[in-house]
Amino acid sequence: MIRFDQVSVTFPLGNTALNNVSFEIADNDFVFLVGKSGAGKTTILKLLLREYLPSTGTIMVDDKEISARRIGKLHKYRQSLGVIFQDFKILPDRNVLENIAISLRVQGVRDADVREQVLESLQLVGLPGKELLFPAQLSAGELQRVAIARALSGNRDIILADEPTGNLDPKTTWEIMKIFKKIQGSRTVIFATHNSDIVNSFRKRVLVLKDGILQKDIRKGGYDL
Amino acid sequence: MVLFFTLFLIAVILTSVSFLYGLLGYIETRPQVTVYFQSNTTEQDIFALRDALLKSGQVASVTYISKEDAFEIYKEIAKDNPMLIEMTNANILPASLEIYAKRPDYLPQIAQQLENKPGVDEVQFQKIIVDRLLALTNAIKNATIILVGFLVVMATVVIVATTSFKIALRRDEIEILQLLGADSMFIIGPYLKEGFILGLFSAILATGALIAVIIGGLPVIGGYLSGISALDILPATGISLRVWPVNPVFLGVVFMITALFGILIGTIANFLAARRYLS
């Protein structure tokens, strides 16, 4: 369970990124965060990643307040999160297997088990047999699949996807969305996007943000900017 | 490079100081002050002086060389010249005391006291050699502390800067690792390993360079130490280490100390750099 309670974020120069936002997300729920650029979508993801701290309000994840100034074992908390970025953030000097293996190694998975689990993840994202290729040998869609495989590896309960299809063409976007369809219901997914076609096709819960304010919380939503 | 240079200097200084201490130790095993008595001085007076010396707290041991002992020594020295032996007898040779001080810097004081004693004919002691050796050892010791301290700081600063630069180049990777939940040790670990290997590798090179210098300088060192069969250090600890002739055990110890310095500097510097970046 994720709970935002009257969360605001104001940056040192005075601009407000999030204003008094409250919502709850149940385990294994699939939620779209939608809104124009600057609406506060990425800020919510960064708060969950604990890259940002709220100026006011509290954020609870599985009954643990992650918005406290100091929390013990931040790395342990982050091991429960899988993150997918618009720009993939794949290490260019490591092959596919090594890129995904990092996600497992930080969790202390034994070397003997790493390869097997990586290959399972690659199967899930539709990249079997590509484990030894380097990022320069992959298309944008394939890179994003690698990033998704990395985020899904190692039993990460919460998947945070920050505009994961933002850099992809429509065909590849739908291929990527098929992967999200496969994992829905098995993990909590928070998917930030401003692509209304994706949101409308999924018919999942939608949190609509505008200028840092949560404007709507639509249970089985469609979305139109 | 800077670590290699630092470790090479540490190895050279370590070897030099070991040799000087070995030499000091060697000199301390020689009679340091020899006092010769006038021929009319009785054994009773000599023994009284010996006992007073032993009670002074400055003297480690005193050996009495009687006229007869002196003649035996003379015969040994002049064994190739029988005529000289025939012309000499025990009575014309002086009795003497060979005095070993507890510390070399007690020697001038002991010698000065003996010169004023009745019955003393002459006092000989290796003042110049001991003084010079003491001065040299102290100077090298002080210079070593300053120089090695400076070099260690310099090496650390350079390695911290180099590693910081390398870490900055990998900031994307570190950011991803942190977001994936890597703990500090997971991120710092490879840099610590790199520092360890850098230190060890530099120590191997530095010791190799030292061995090359020693081999090159062996004829010169051998010339200076001619007549000295062996130099040892740390005999007081019960674990005597032979410095001269140069041997694998001594070089092994030098390597181990140099490697320890190298590994510590390399590891700590990389740790500081990584820590600074992460914080």
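The model is a predicted one, in which local features need pLDDT of at least 70, side-chain atom pairs count only at pLDDT 80 or more, and totals for chains, interfaces and linings use all residues. Residues are numbered from 1 along each chain as its sequence is written, while chains are lettered from A and ligands numbered from 1 in the order in which they are written.

Strands β9(A) and β10(A), the latter covering residues 213–218, run antiparallel and are joined by five bridges; two strands are taken to pair if DSSP finds at least two bridges between them. Together they form a hairpin with two residues between the strands, and A:D211 in the turn has a positive phi of about 50 degrees. Strand β9 of chain A (residues 205–210) also runs parallel to β3 of chain A (residues 30–34), to which four bridges join it, and here A:V34 has A:V208 as its bridge partner.

These strands belong to an open sheet of six strands in chain A, with mixed pairing and the order β6-β7-β8-β3-β9-β10. Because β6 (81–84) and β10 of chain A stand at the edges with a single partner strand each, one side of each is left without a neighbour in the sheet. From one strand to the next the twist averages 15 degrees. In a regular strand, side chains alternate between the two faces of the sheet.

Across β6 and β7 of chain A lies helix α5 (residues 140–152), which runs at about 170 degrees to β6(A); axes are lines fitted to C-alpha atoms, for helices over the stretch in contact, and angles run from 0 to 180 degrees between N-to-C directions.

Chain A as a whole comes to seven helices and 10 strands, where helices (H or I, at least four residues) and strands (E, at least two) are DSSP runs numbered from the N terminus. Among its contacts between residues at least 6 apart in sequence, 68% join residues at least 24 apart, a contact being two residues whose C-beta atoms, placed from the backbone, lie within 7 Å.

Turning to the other chain, the contact takes 12 residues from chain A and 10 residues from chain B. On the side of chain B that touches chain A, helix α7 of chain B (residues 171–180) gives the most, with six residues.
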